[in-house]
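Take a look at the structure below. Keep it in view as you read.

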Amino acid sequence: MGADMQEATAASRPTSRPKGPRLVGLDMLRGLTMVVMLLVDYTGGCYPAINHAPRNGLHLADLVMPFFLWVSGLSMSISVRVRPGDSRMGVFLQVGKRALRLFVLGIVVQGSWFHVEDGVPTLHLDLSSVRIMGILQRIAIAFIVVAAAEIFVPEFSRFRHYASARPLLVTDGAEAQTEQNPLAHQRGTFGLWIFGVRAYKAIIAVVLVVLGTCLTYGVTPPQSWPGCAATVYHCGAGDSPTERSCKDPGGDELRTMGCSAVSYLDSKILGINHVYVRGSDRPSWPPTWGFDPEGLVTSLSAVFPMYFGLHVGCVWRELKDVKGAIVHWVCIGALAVVCALLLSVWVPLNKRLWSPSYSLLNCGIATLTYACLFGFIDGGTPSGTRAARLRDWGKVVLAPLQWLGTNCILFFVLSDCCGVLDWLLRSLTWGVPYGEKNLMYWFQSIFLMKWLHLGNSCTGGYDDCGPARMVYVWIQIVSWMLVCGVLHRKGIFWKI
């Protein structure tokens, strides 16, 4: 579901370093990704059109994870730099510490630590079934890999004479000197030389994509693998830890997950009990196979969106030319979309298997979206002009997205993206049964469903009522926008 998600995946920053203008469009894109994530996670079960595509294809929910990775990569171009007096290994160790904290936070909030049993919140972590991988864990792994390539893999110096005299990892003080170098703004080439300079680094990302693709599509599970049985069953827990069963027969979607190299390899590496989806070839506990949409095998290919975002950030860092950067981004974004659609003829778009066509298409969409935001919000427009007034109006209208983007770790953890605040509010009760005598049940099942009559068109309870869940999720989004707006105004940001 991100993150750098708030430049949480950055190297440590010396307090004496002067800060340049913030890329507001980047914060807005991060905030927009958070809004979409909460929307599809909370209401996707009632509205399949915005939920993850069952098999092949691309729905709104399928954009979220690649966008997180892409945004993290762009943020990395700002924050990961080797400065005078710092060793590359020292910078890498600082990056590693942040990645480790992000990974641990992911296990805490997505590793089955918070439970609601019989409507009552409980807190316990079962080490025998903790989920190892997740959204934050995947971002942490991709970040450490891309950061290692950025820090240690050398540039292709043959192309450096087309650029400025400075390397890609430099001090901010050197930027003023490079702006005096006319070669730093090769506007006629729109930064095409950057591909050459970063060729060795790009090779690392491509090799990982090829490796992940080969494992995903080249490995065939043995015939004895339970996930390939004629009939597979979804395994899950009930309202209490003792209510565990594998009685729900799955369709083609579940069998596609189970009878895949991703399921087979991740189950062997991580363990069947430590992945997100668990199933069986028989209608009885325990599970005999597992599948994780954020597993280790597909995380190899997931490195590519983060590297793509890093490249986009490096283009702006090198050119410092609005027109040149936007032209570069639009060209590579459009090319990525076209190539992905052509590739999808042979390798279909598939989020669960993280197919190369799916990854490339999302990179293109993210790049084009950011190019629009950057040109509209951050692009240099002379003050007093009509375009400048339109830009100022846009900043005001889209400011709530910026607020979410600058405090998205807080939003991700406490909102129903992870549900920590919901869990806390359900723990405050005023009688029995506890599952009904709490603020969340009253607001959702009484206020929304009965008082506002949103449940009139629903045959089931709140969990199956699309209109009520949609209204609730937008109330939650607006509320978090206001909270993050206050924190933004006071300069309070929660970072990892």
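This report covers disulfides, other cysteines, nonpolar cores and a cavity.

The model is predicted: local features need pLDDT of at least 70, side-chain atom pairs count only at pLDDT 80 or more, and totals for chains, interfaces and linings use all residues. Residues are numbered from 1 along each chain as its sequence is written, and side-chain values use heavy atoms, with hydrogens and water left out.

## Disulfides

A disulfide is a pair of cysteine sulfur atoms within 2.5 Å. Searching the whole structure turns up 3 of them.

| Pair | S to S distance | Torsion about the S-S bond |
|---|---|---|
| Cysteine 228 and cysteine 259 | 2.1 Å | about 95 degrees |
| Cysteine 235 and cysteine 246 | 2.0 Å | 110 degrees |
| Cysteine 458 and cysteine 465 | 2.1 Å | about 60 degrees |

Start with cysteine 228 and cysteine 259. Their disulfide is right-handed. The pair links distant parts of the chain, 31 residues apart. Cysteine 228 sits in the loop between helix 7 (199–218) and strand 3 (233–237). Cysteine 259 sits in the loop between helix 8 and helix 9 (261–270). Helices (H or I, at least four residues) and strands (E, at least two) are DSSP runs, numbered from the N terminus.

How accessible are these two cysteines? Cysteine 259 is partly exposed, at 30%.

Next come cysteine 235 and cysteine 246. Their link is right-handed. Cysteine 235 lies in strand 3 and cysteine 246 in strand 4 (residues 244–249), so the pair ties together parts that are 11 residues apart in sequence. Both cysteines are buried.

The link of cysteine 458 and cysteine 465 is also right-handed. Cysteine 458 is buried at 16% relative accessibility. Cysteine 465 is buried at 0%.

Now number the bonded cysteines of the protein chain in sequence order. The pairing reads 1-4, 2-3, 5-6.

## Other cysteines

Cysteine 484 is buried, at 0% relative accessibility. Cysteine 214 is partly exposed, with a relative accessible area of 46%.

## Nonpolar cores

A nonpolar core is a set of buried Ala, Val, Leu, Ile, Met, Phe, Trp, Tyr and Cys residues joined through side-chain atoms within 4.5 Å. The largest one holds 109 residues. Trp70, Trp329, Tyr370 and Phe412 touch the most other members. Helix 1 (residues 24–43) gives the largest share of this core, 12 residues. A second, separate core has 13 residues, including Trp225, Leu254, Met257 and Val277.

## The largest cavity

A cavity is a set of points, on a 1 Å grid over the protein atoms alone, where a 1.4 Å probe fits but cannot get out; lining residues have an atom within 4 Å of a point. The largest cavity has a volume of about 80 Å³. Its lining includes Pro54, Arg55, Phe291 and Asn350. Met257, named above in the second core, is also one of the lining residues. Helix 8 (residues 252–258) gives the most to this lining, with 3 residues.

Methods: On a 1 Å grid over the protein atoms alone, a cavity is a set of points where a 1.4 Å probe fits but cannot get out, and a pocket is an open set with protein on both sides within 12 Å along at least five of seven lines; lining residues have an atom within 4 Å of a point. Grid points are joined across faces, edges and corners, and a volume is the space filled by probe spheres set on the points. Buried means under 20% relative accessible area, exposed over 50%, partly exposed in between (1.4 Å probe, protein chains only).
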